[in-house]
Amino acid sequence: RCVHILAGLWNAPDPSKAVGYAAGGAEQAAIAGGAAALLSWRRRRRAVERSCERPNFVVSAAGNRIWRRFAELFDLEMRVVPLYPGAATLDPARAAALCDERTTMVVATAGSPLTGLIDDILLLDGQLERLDRRTGWSIPIHVDAAFTGLLLPFRDSRPAWDFRLRWVHSVSTAGDRSGLVCPGLGWTVWRDADLLPADIKGDGRRFAPPFTCRPAGQPVLQLY
């Protein structure tokens with residue numbers, strides 16, 4: 001129920017088809033989003049008998065520090081979009097320019113831990129749409145909304161940043177920063193089960209990574 005509520009808040013086309021994962025915190029939730037993107041990329045490559053060596057992902061220099069750890073854990077190249085005067089968030093055009101056929105995802109940050117600013121995810125989606133038409137690479141966006149995932153749905157003036165956008169496949173957030181939930185809860189939601197490889201879907205309603213388990217107390221409090 002928590003997954004479907006979040007999918008509804010984040011404007012999934014059909015929240016009942018969303019798949020989710022209750023993590024031990026926002027950083028673990030972000031890693032789950034990145035791991036799923038990597039596994040999906042590998043399976044797409046193997047299906048057409050292409051090399052799976054040297055995968056990479058793209059993230060802003062203002063992104064969460066967990067992405068550097070993720071790159072080390074999963075042996076990916078982290079391509080960083082630098083900041084420059086007048087641009088304290090991800091530059092969508094520069095992010096798209098760093099992509100190639102080995103790019104597993106682009107990470108968009110909704111609430112930078114450095115600045116609190118939100119990337120222009122709507123513009124990034126447009127850049128990846130044009131890139132896909134030209135190349136067919138189908139590079140997804142993972143939205144790291146650790147600080148804002150439970151706040152942005154109630155900001156009507158915000159441009160689209162969530163599952164309304166075609167290339168936003170997954171969103172992660174902290175569940176323990178609101179709602180009187182004790183520490184130790186993060187969420188990752190994929191808008192449709194078809195976006196995940198069959199062997200990591202668990203029972204079809206949730207993401208089931210092999211590297212973690214957790215108690216149910218925090219998700220129950222979140223539902224309450």
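Exposed, as used here, means over 50% relative accessible area, and buried means under 20%. By that cut-off D75 is exposed, because its relative accessible area is 65%. The model is predicted.

**Nonpolar cores**

- The largest nonpolar core holds 37 residues, and V106 and V143 touch the most other members.
- Elements giving two or more residues to this core are α1 (2-9), β4, α5, β5, β6 and β7 (186-190).
- A second, separate core has 15 residues, among them A37, W67, A71 and L76.
- In soluble globular proteins, nonpolar side chains tend to be buried together.
- V106 has contacts beyond its neighbours within four places in sequence, including V58, L90, A95 and C99.

**Strand β4 and its partners**

- Seven of the seven residues of β4 are buried, so this strand is largely enclosed by the rest of the structure.
- Strand β2 (residues 56-60) runs parallel to β4, and two bridges join them.
- In that pairing, N56 stands opposite T103 of β4.
- β4 also runs parallel to β5, with four bridges between them.
- Here A108 stands opposite V143 in β5.
- β4, α5 and β5 together make a right-handed β-α-β unit.

**A95 in helix α4**

- A95 sits in helix α4.
- A95 is buried, with a relative accessible area of 0%.
- Not counting residues up to four places away in sequence, A95 touches V58, V81, L90, V106 and L124.
- A95 and A108 are 13 residues apart along the chain, and their C-alpha atoms are separated by 9.8 Å.

**Salt bridges**

- The whole structure contains 10 salt bridges.
- R45 and E101 form one of them through their side chains, at 3.3 Å from N to O.
- R45 lies in helix α2 (residues 26-47) and E101 in the loop between α4 (92-97) and β4 (103-109), so the pair ties together parts that are 56 residues apart in sequence.
- R45 counts as buried, at 7% relative accessibility.
- E101 is partly exposed, with a relative accessible area of 29%.
- R166 and E129 form another salt bridge, at 2.9 Å from N to O.
- R166 lies in the loop between β5 (141-144) and β6 (168-174), and E129 in helix α5 (residues 121-135), so this pair ties together parts that are 37 residues apart in sequence.
- R166 is partly exposed, at a relative accessible area of 42%, whereas E129 counts as buried at 16%.
- The side chains of R164 and D162 also meet in a salt bridge, at 2.8 Å from N to O.
- R164 is partly exposed, with a relative accessible area of 47%, whereas D162 is buried at 1%.
- Salt bridges that share partners join R45, R50 and E101 into one network.

- D125 is found in helix α5.
- D125 is buried yet has no salt bridge.
- A salt bridge requires the side-chain nitrogen to be within 4 Å of a carboxyl oxygen.
- Leaving aside neighbours within four places in sequence, D125 is in contact with I141, L165, R166, W167 and V168.

**Residues with positive phi**

- Most residues other than glycine have a negative phi.
- N11 has a positive phi, near 60°, and is not glycine.
- N11 lies in the loop between α1 and β1 (19-23).
- N11 is partly exposed, with a relative accessible area of 33%.
- D75 is a residue other than glycine with a positive phi, near 60°.
- D75 lies in the loop between α3 (66-74) and β3 (77-81).
- D75 is exposed, at a relative accessible area of 65%.

Key
Residues are numbered from 1 along each chain as its sequence is written. This is a predicted model: local features need pLDDT of at least 70, side-chain atom pairs count only at pLDDT 80 or more; totals for chains, interfaces and linings use all residues. Side-chain values use heavy atoms; hydrogens and water are left out. Buried means under 20% relative accessible area, exposed over 50%, partly exposed in between (1.4 Å probe, protein chains only). A nonpolar core is a set of buried Ala, Val, Leu, Ile, Met, Phe, Trp, Tyr and Cys residues joined through side-chain atoms within 4.5 Å. Contact means heavy atoms within 4.5 Å. Two strands pair if DSSP finds at least two bridges between them. A crossover is right-handed if, with the strands pointing away from the viewer, the path from the first strand over the helix to the second runs clockwise. Lys and Arg count as positive and Asp and Glu as negative; His and the chain ends are not counted.
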